[in-house]
Structure formats: structure tokens, C-alpha cells
There are 2 protein chains.
Amino acid sequence: MDAYVGIDLGGTNIKVGLFTPKMALIDQDSSHTEVERGFDHVMEQIAAAVRAVCDRNGLSAAGVRAVGIGCPGPIDVARGLVVVAPNFPGWRDLPVRDTLRGKFGGVPTVLENDANVAAYAEFRVGAGRGAGSLVMITLGTGIGGGIVIDGHVHRGATDTAGELGHVTVEVGGRQCGCGRRGCLEAYASATGTVARFREALGQGRASSLAVSGAAPDDITAKDIFDAAAAGDALAAEIVDVTARYLAVGCDVIVNLIDPDVIVLTGGMVAAGELLMGPVERYARELFFPRPKTHTRLALTELGGDAGIIGAGLCAQDLFETSAS
Amino acid sequence: MDAYVGIDLGGTNIKVGLFTPKMALIDQDSSHTEVERGFDHVMEQIAAAVRAVCDRNGLSAAGVRAVGIGCPGPIDVARGLVVVAPNFPGWRDLPVRDTLRGKFGGVPTVLENDANVAAYAEFRVGAGRGAGSLVMITLGTGIGGGIVIDGHVHRGATDTAGELGHVTVEVGGRQCGCGRRGCLEAYASATGTVARFREALGQGRASSLAVSGAAPDDITAKDIFDAAAAGDALAAEIVDVTARYLAVGCDVIVNLIDPDVIVLTGGMVAAGELLMGPVERYARELFFPRPKTHTRLALTELGGDAGIIGAGLCAQDLFETSAS
């Protein structure tokens, strides 16, 4: 039997998926990324995980048609390099694609940005099925994104398109982790939401989450969403502001790219209707008339599997392009 | 001889260009748009202008291979309608394409948004020659834009992509003509620049342009640029802020679309280096590392002819697509 392999390399986990030629997911695996042991070790971890999944499904290395891998951070797709990866200290211009290809006996291998890979998966087989174009927003510690136009991942001229977290929404505003000010991510990411909540407490606002006027050190965005759901007024206000900024982000996407569908994914979408209800409402208020009725906002359908599925689809595209 | 016709319908002028099959501009014409006389009259004005240009070049109607027309405002490209046109009162869902096709004896006719048409012209034969992707920003009374990706105009799902003037740069900020707040256009258009200048005078700031603490009613952005060039401190400060916001606009474009080149056009680019120098400098400060060295900012090469040239190119594309 022939198969495709899709790999999702994250700072926490390495996920591997094995797919039939028609992209049915046969088996998958997840293991902890041992980032601290360096690049060569992580590459060998990935190779071992792929071999293990192949072995337990009776698949020889020769049966793998192609391998796709999604990695965080700016990627040089043409050269197969991870340019920089925020959660992988010291990684710079590393040949992920060719290293893995060597470990897999030269099988065709493609490296893509992880957000692009996930967006492509939602476009092909997830929340964007049937759409002509899609923008995916990843809401987590940071805010990322991926863009699919006319059926193709839109990487941009320098493979950095879709940096949705770093569009300016307040000139000279909050400090962002990227070193600049006023980025969407500084307001509406999990990190930004927690920071605004802490600041409000620091200004003397009361909350059920406060311990003598301060939030516990390990408070998370989830704690704030939970408190908002339970009726905490400050938490509800903070979540409302997060939703307003995310709606602005959706509106910027619509005014520039005007996709059929915007898919929201990442840890924060676990907040469900509490966050997505107001995002949708505020976004519709902002949208111009035609997008107001046309543009669809949707939650991820593939969730944490989008990475391996998208990487598998990229592998399939690579195989079919080189075969034709 | 065969030819293509490119039409640029503006609120002030109707421009017509006549092109050889290889897109050399043979002749052109410009006449005042008699908007106040209504849709049917404007359509007949256009037809008469096209006939006049054809006649004086010895071209029969049968020699026109295809006609392209660029119009302002949201366009329904598939149905050939002008949905709304800000400077054409009462125009709503009007069949510009089919009306003109009727007047030209059924010759293939294509209607496009005027900003898209101009962006396409710069991409093919202007400041974006050789690039893979381009975003054009039109800086005038308002701020508009057009996007070309992989050689094709990117219209978006509802033909409203490239509304660069209406990306939010200050949540809850200045009132914009579109009815919303904080749009780029409210700060960095000619209108926004004049408004900020008047407000500064109203707050008691001194300027060589002030007449007893107020600006003359007919002050223009050009007056402000001229005063800045002549050393007026307030005018220079206002222009600097315009440049900062335009740089933010360029950065939003880069973070979402990441084109090879951003082309600036419209009345405000007449300010030249006084405006464009700081825009480029502030933009490079904002851009992420790879766009910082890659993305090119350029002034229009085609200027006021971009509309007829782009419309002519659309006509050529239409003819060649239908012929193949």
C-alpha cells in the first residue's frame, strides 16, 4: 500500500499522520518535542515517529509517496528552511526539508509554514470546504494566520503573508512581543487578554479572580473566559474588548482580501459562543454591505488535526505535481 | 487595422484610449463627465467619445476587438454592474457593461473597478513590471487600492478586496466618510490631512497658512505640502503624521498580502519626496525582516493614463481568453 505522511512540528508536540492515497487518515501519533536537545535531535525524533507509525501499519519506507511538514515561524519554502522559529531557541536558516528527505531515503518532501498548512486543510476538507478563498486566524498565545486564494496557499513574496497578529490596530498603542506597538496580537491574543486583565486589577478594579487586588501569577485566558461566563463583570468587560479587536482583525482581512470565509482556530476558540458571538456581531457591524451578508465566519472543524491533515495534503499535491 | 479600446470613467472626466493589438497607445481623448445629466447620458457620452477616437483614426466599429472600462465604486464584475459609485449620485446596480456593449454592436466588453484596472496596468507595463505581485495605493480625496496576485487582479469574494482606505488603524478613532471610525482614510487621505491641519489651527497652533487663527475655506492638501516645503512647522508636522499613517498602511499590506511591490499613486504623490521619503523610512522601520529588504515601494509610472491602459489590457485579456 502507498501512503502520504503529514507532520506537524510544534514547540510542545510532534504530530505525525499517515494517509491513504485518497487522504483518509489511517493512523496518527503525538510525542513531546525535545526542543532543548537541539535541531539534530528533533529531526531524528520526527524520523523515528514516522518510522514507528509506518511500521505499525505494515508500511515500508518505499511505500511513502511524499512527506509534508508544517513548521512555525518564517519559512523559506523554496529552499526548505526554517528561517526563525520563536519556540525553538537558536533555530535559524535550518534545512528541515532536506534533512528529513535524507532520513526518508530521498522521498519527495515539502516544508510549509504551520499556519498555512492548517489553513489549507480547513480550505480543502474543513470549515472552508466549497469556498473559493479562505483566511484562517489562529488565536492562541500569539495570533497567526494563513491565507488560501483561488485554491492555493498565498505565501506572499517573502513567505510572510498572513501575519494577521501584526497588523496595527492602534498606532503607538500597546507594546507587542514583536518589538513594535499597537499590533492586534498585543490586544486580542491570550497573552494580550491576560495582560489587559492584570492591568485593570492593578488599576484597582475588582474581580472574583483577584487575590487581594492581584491576579494569581498563573492566571490564563481560560480563567478569564470562565470567570466571564460565571458572571464576573471585569472578566466580561475584558473579553468584550478582546472580541471587539478580533472583529477589527476580521474587518481588516475583509477590506484587504475579501475571502469567502474566515476560520477561527487555536486555543482561544475553546471559549466558544462567549467569545465568538460578540466577534461575529461586532464584525458584521464593521463589514461593508456586500461582505456583511456574504462573508462567513466559522470555527475550525479540524481543530488540532489541521496541521497533520494540511501537511498530508501538501505532500499529496507535491506527489501529484511531480507525477504529472 | 484591429484595436482595443480602454475607457476610464471618473466623476470628473471620461478618458478613452485606443490601442493596437500589441497594446501600443495610438490615440486618446478626455472629456468632462456630465454626471448631472444621468446614467443614460453618460453612457452615450462614452459611446460618442469612443466613436470619435475610432473615426479620427480610420477605424470602423467592426475593427474593435474588445472594450474595457474601469469605473469607481463597488463593481459586480460577473454581472457587469456598477453597484454604487460615490461620485455618481443615484447610480445603483447599473448595467454599464451591457449598455456599452449594446452601443458598440455587441463587441466583447469588460467592466472592472477603476483601482483594480490601474493596479493591473502598473503591474503589466508600469512601476510593477517584472514583479509577481503588486498592491497599488491611490492617495487622493479618499484612499483606494488594487491588488494583483500571481498575475491576476484579486477582486475578492464580493469584488471589494483592496479597500485599503478602510482598514482600521485606530480603534474608535477619527470619524471616516464611510460612517465608521479610525479608518486609514480618515487620517492619511488629502481630506484627512486637511482636517487634521484645521483642527490644529483650531487648537491655537500657528501657521503661515492661517488667517487670524483659521485656515482659508478652500485650503487643500497641496497648500499644506507646499507650506511644509517652505518651512512651515505645523504643516511639516501634519505631513509627517500623514506619512506615519501611510507607512502603517503599507505595513498592514505587507503583513497580510506581502507583495513584491507597493505602488503609490493619486493626487497626493505630486508632493514627491516630501511625503514619500518619510513614508518609505517609517515603513522600513515597521516591516518585518524579510519584507524590510525585499518589498519595493514605488511611485506610479503611468500616472493618469493607468486607467485607460489597464482597461485596454483587460479588453485584450478578454479577447485572448475568448479566442483561445
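## A parallel pair in chain B

Strand S9 (residues 133-139) and strand S12 (residues 261-265) of chain B run parallel and pair over five bridges. Two strands count as paired if DSSP finds at least two bridges between them. Within this pair, Thr138(B) has Thr265(B) of S12(B) as its bridge partner. Helices (H or I, at least four residues) and strands (E, at least two) are DSSP runs, numbered from the N terminus.

S9(B) and S12(B) belong to an open sheet of five strands in chain B, with the order S11-S10-S9-S12-S13 and mixed pairing. Its edge strands are S11 (152-153) and S13 (296-299) of chain B, and each pairs on one side only.

## About the model

This is a predicted model, in which local features need pLDDT of at least 70, side-chain atom pairs count only at pLDDT 80 or more, and totals for chains, interfaces and linings use all residues. Residues are numbered from 1 along each chain as its sequence is written, while chains are lettered from A and ligands numbered from 1 in the order in which they are written.

## The other sheet in chain B

Chain B also has an open sheet of five strands in the order S3-S2-S1-S4-S8, again with mixed pairing. Here S3 (25-32) and S8 (109-113) of chain B are the edge strands. The twist averages 15 degrees from one strand to the next.

Strands S1 (residues 3-9) and S4 (residues 64-71) of chain B run parallel, joined by six bridges. Asp8(B) stands opposite Gly70(B) of S4(B). Helix H1 (residues 39-56) of chain B packs on this sheet and touches S1, S2 (13-19), S3 and S4 of chain B. Its direction makes about 35 degrees with that of S2(B). Helix H3 (residues 114-125) of chain B packs on the sheet too, touching S1, S4 and S8 of chain B. The direction of H3(B) makes about 100 degrees with that of S8(B).

## Chain A and its domains

Chain A has 10 helices and 13 strands. Its C-alpha trace spans about 65 × 45 × 35 Å along the principal axes.

Domain bounds come from an automatic or database domain assignment. For chain A, that assignment gives domain 1 (3-118 + 304-323) and domain 2 (130-300). The domain centres, taken over C-alpha atoms, are 28 Å apart. In contact (C-beta atoms, placed from the backbone, within 7 Å) are 10 residues of domain 1 and 12 residues of domain 2 of chain A.

## Two crossing helices in chain A

Two packed helices are described by the angle between their axes and the distance between the axes. Axes are lines fitted to C-alpha atoms, for helices over the stretch in contact, and angles run from 0 to 180 degrees between N-to-C directions. The axes of H3(A) and helix H10 (residues 306-323) of chain A come within 7 Å and cross at roughly 85 degrees. H3(A) and H10(A) are therefore roughly perpendicular. Angles under 35 degrees count as roughly parallel, over 145 as roughly antiparallel, 65 to 115 as roughly perpendicular and the rest as oblique.

Among the contact residues are Val117(A) and Ala121(A) of H3(A), and Ile309(A) and Leu313(A) of H10(A).

## Where the chains meet

36 residues of chain B are in contact with 36 residues of chain A. On the chain B side, helices H7 (233-256) and H9 (289-294) each supply at least two residues. H7(B) gives the largest share, six residues.

Key
Contact = placed C-beta atoms within 7 Å.
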